[in-house]
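Open the viewer and get ready to click along. Each stop tells you what to select and what is there.

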Amino acid sequence: MTVQSAQPTDAARLLYEARRTAVPIQPLTQTNPNMTVSQAYSVQRSNMARYLADGHVLRGHKIGLTSAPMQELLGVDEPDFGYILDNMVLPDAANVPIAAFCAPRVEPEVAFLMRAPLHGPGITIGDVLAATEAVAPALEIVDSRIADWRITLADTIADNASSGAVVLGEWVPIGRAPALPETTATLVINDVTVATGAGTAVMGHPGAAVAWLANALAMYGTTIEAGEFVMSGSYTTAMFVAAGDRASATVSGLGSVSVSFE
């Protein structure tokens, strides 16, 4: 069996089952050290197609590895991306069973709700802002179906960019939103501030991350559609959470959002 054909198929099956059971697997690159980024995205898209066939609905997209520390950790120089399905979207102040995840962490972000499609290449920050209807404070619950977060770039891409769920706050019309690079996000767990970060941490401007995504998706013939939303990337490092924890994020000028883990 060739690496190009059988192993990506096997990887998709393993990740699908790991997400269903919340039982992590060993790194894919442990048995397939030559897995390429292209093959990893093929694994990701294979599982997205399977979830859509199961009846789920694509609601949006997520961008990962937007900060310099995370890129340095994995030895890469650009972000990655994944998809967000309807069953991954949680309301503000949701209560979530910790057992639904393998090893969850939380990150504060800004979500962009699109009123017009974005189809790269050549998308700029200006294009993103012009196509945006509203932005919202958000928490991403990142999770890894790879045991102990022992991931390489190919592992996390195949695993849908280590997605778990997203918690969305109140949408603020883009015309009333502050200048996003000037905003600050504060991450609080159990009433203790654990991290803060600036909007400039997200590729200099959260809108730059959305532009990058639109241009990257164009290579796969995909458009960010009107009505979809984009998680633009974390302002801070990701912090682990456990049963009994309550996490909240506040983005200056946008508001707050929270989630509790049972």
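Where is the place of G55? G55 sits in the loop that joins α3 (37–53) to β1 (58–64). Keep in mind that this is a predicted model.

Is G55 buried or exposed? Its relative accessibility is 53%. A residue counts as exposed over 50%, so G55 counts as exposed.

In sequence, 187 residues separate G55 and A242. In space, their C-alpha atoms are 30 Å apart.

Next, select the whole chain and switch to a cartoon view. How many helices and strands does the chain have? The secondary structure comes to seven helices and 14 strands. The radius of gyration is 17 Å, close to the 18 Å that the globule rule gives for 262 residues, so the chain is as compact as a globular protein of that length.

The accessible surface of the chain comes to about 10800 Å². Carbon and sulfur atoms hold 54% of that area. Of the 262 residues, 56% count as buried.

Last stop: colour the charges. The chain has 13 positive and 25 negative charges. How far apart are their mean positions? They are 5 Å apart.

Key: Residues numbered from 1 in each chain as written. Predicted model: local features only at pLDDT ≥ 70, side-chain atom pairs only at ≥ 80, totals over all residues. Heavy atoms only, no water. Helix = DSSP H or I, 4+ residues; strand = E, 2+ residues; numbered from the N terminus. Rg over C-alpha atoms; globule rule 2.2 N^0.38 Å. Buried < 20%, exposed > 50% of the residue type's maximum accessible area, 1.4 Å probe, protein only. Areas by Shrake-Rupley, 256 points an atom, 1.4 Å probe, with all protein chains shown as cover. Lys, Arg positive; Asp, Glu negative; His and termini not counted. Charge placed at Lys NZ, Arg CZ, Asp CG, Glu CD.
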